[in-house]
Amino acid sequence: MAREVKAEEVELVWDEWQKRQRRPDLVRLTDERRKLIRARLALGYTTPELVALVRFAYESSDRRARFWRGENEDKKTFLDLENLLRVTKLGDRIPVAVEWSERGEPGAGAAGVIPTGAGLVLKPGARTRSAR
């Protein structure tokens with residue numbers, strides 16, 4: 001059963017992704033993007049998990065994140081929301097991003113805490129749901 005998703009949750013994930021775009025002022029939260037984020041939250045992924053994934057994709061030195069940022073044979077980036085939040089990949093991506101955040105690596109936030117502005121915080125040592 002899908003949970004009810006608050007607009008603020010969607011906006012927190014959106015804001016995290018939008019501010020990392022080359023021209024954030026030109027990127028809009030379309031209905032399609034809103035539905036995508038809402039659908040992932042409704043599946044049970046949390047706002048802090050999705051925020052951690054966005055940060056991981058843009059800031060981590062992990063080989064996967066570097067690949068998404070264009071460090072690949074074709075120099076192609078894979079940082080659009082549709083790719084990052086691909087439902088068939090999230091089960092593998094979220095634990096890696098959360099672990100990265102918990103380690104407090106550069107860019108992961110102070111001591112691995114994910115500030116979201118709405119009291120939704122994933123603290124170091126927090127566990128994610130393993131069965132989705």
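Me: In which hand does H1 pass H2, right-handed or left-handed?
Reply: H1 passes H2 in a right-handed crossing. This is a predicted model, and the hand is computed from it. The hand asked for is right-handed.

Me: At roughly what angle do the axes of H1 and H2 cross?
Reply: The two axes come within 9 Å of each other. H1 is roughly perpendicular to H2, because angles of 65 to 115 degrees count as such. The crossing angle is roughly 115 degrees.

Me: How many residues of the contact of H1 with H2 are charged?
Reply: H1 brings Ala 7, Glu 9, Val 10, Val 13, Trp 14 and Trp 17 to this contact, and H2 brings Arg 33, Arg 34, Ile 37, Arg 38 and Leu 41. Of these residues 7 are nonpolar and none is polar. The charged ones number 4.

Me: What span is expected for helix H1 at 1.5 Å a residue?
Reply: Helix H1 covers residues 7-18, which is 12 residues. From its first C-alpha to its last it reaches 16 Å, close to the expected span. That expected span is 16 Å.

Me: Which helices are included in what covers the buried residues of H1?
Reply: The buried residues of H1 are Glu 9, Val 10, Leu 12, Val 13, Trp 14, Glu 16, Trp 17 and Gln 18. What covers them includes helix H2 (31-42), helix H3 (47-59) and helix H5 (81-84).

Me: How far apart are the axes of H1 and H3?
Reply: H1 and H3 pack at an angle of about 5 degrees. H1 is therefore roughly parallel to H3, as angles under 35 degrees count as roughly parallel. Their axes are 9 Å apart.

Me: How many residues of the contact of H1 with H3 are polar?
Reply: From H1 the contact takes Glu 9, Leu 12, Val 13, Glu 16 and Trp 17; from H3 it takes Thr 47, Leu 50, Val 51, Val 54, Arg 55 and Tyr 58. They include 7 nonpolar and 3 charged residues. The polar count is 1.

Me: Within what distance do the axes of H3 and helix H6 come?
Reply: Helix H6 spans residues 87-102, and its axis crosses that of H3 at roughly 80 degrees. The two helices are therefore roughly perpendicular to each other. Their axes come within 8 Å.

Terms used. Residues numbered from 1 in each chain as written. Predicted model: local features only at pLDDT ≥ 70, side-chain atom pairs only at ≥ 80, totals over all residues. Heavy atoms only, no water. Helix = DSSP H or I, 4+ residues; strand = E, 2+ residues; numbered from the N terminus. Expected span 1.5 Å × (residues − 1). Buried < 20%, exposed > 50% of the residue type's maximum accessible area, 1.4 Å probe, protein only. Contact = heavy atoms within 4.5 Å. Axes fitted to C-alpha atoms, helices over the stretch in contact; angles between N-to-C directions. Parallel < 35°, antiparallel > 145°, perpendicular 65-115°, else oblique. Left-handed = near helix turned anticlockwise from the far one by under 90°. Nonpolar A, V, L, I, M, F, W, Y, C, P; charged D, E, K, R; others polar.
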